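Please consult the sequence and the structure shown below while reading.

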Amino acid sequence: MPRRRKPTSEESIEARHALRAAAEGGRLLWADAIRRMRKALGMTQSEFASRFKVTVPQLSAIENGSANPTVRTLDRLGKVFGLTVGLVPVPPRSEGAPR
């Protein structure tokens with residue numbers, strides 16, 4: 001297995017900007033957001049879980065979308081990126097498209 005490489009400072013900044021743009025555009029699901037935040041920081045699941053006071057199984061479940069984390073947990077995880085949980089408008093669906 002190849003060794004994990006920490007992102008450079010520039011890569012980390014670019015990942016943070018991309019994450020923020022996706023969030024502002026309403027194109028970001030929280031499971032993907034948490035995974036992208038962890039990767040932007042160059043952390044393993046174990047490192048990220050320890051830093052943000054969640055267990056590795058909790059983090060894994062959050063990242064794969066099978067968890068139901070509290071707003072408090074999501075706020076704690078997003079704080080370092082300047083993100084918070086809130087009501088996000090859903091874009092209008094096109095006529096005849098399923099919901």
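Helices (H or I, at least four residues) and strands (E, at least two) are DSSP runs, numbered from the N terminus. The protein contains five helices and zero strands, and its pattern along the sequence is α-α-α-α-α. This is a predicted model, in which local features need pLDDT of at least 70, side-chain atom pairs count only at pLDDT 80 or more, and totals for chains, interfaces and linings use all residues. Residues are numbered from 1 along each chain as its sequence is written, and side-chain values use heavy atoms, with hydrogens and water left out.

**The nonpolar core**

- A nonpolar core is a set of buried Ala, Val, Leu, Ile, Met, Phe, Trp, Tyr and Cys residues joined through side-chain atoms within 4.5 Å; buried means under 20% relative accessible area, with a 1.4 Å probe and protein chains only.
- The largest such core has 16 residues, of which Leu19, Ile34, Phe48, Leu59 and Leu77 touch the most other members.
- At least two residues of this core come from each of α1 (9-24), α2 (30-40), α3 (45-51), α4 (56-63) and α5 (71-78), and α2 gives the most, with four residues.
- Beyond its neighbours within four places in sequence, Leu77 is in contact (heavy atoms within 4.5 Å) with Ile34, Met37, Phe48, Phe52 and Ile62.

- The buried residues in α4 are Leu59, Ala61, Ile62 and Glu63.
- Their cover includes α2, α3 and α5.
- Just after α4, Gly65 adopts a positive phi of about 80 degrees.

**The whole protein**

- Of the 99 residues in the protein, 25% are buried.
- Among contacts between residues at least 6 apart in sequence, 53% join residues at least 24 apart.

Terms used. Buried means under 20% relative accessible area, exposed over 50%, partly exposed in between (1.4 Å probe, protein chains only).
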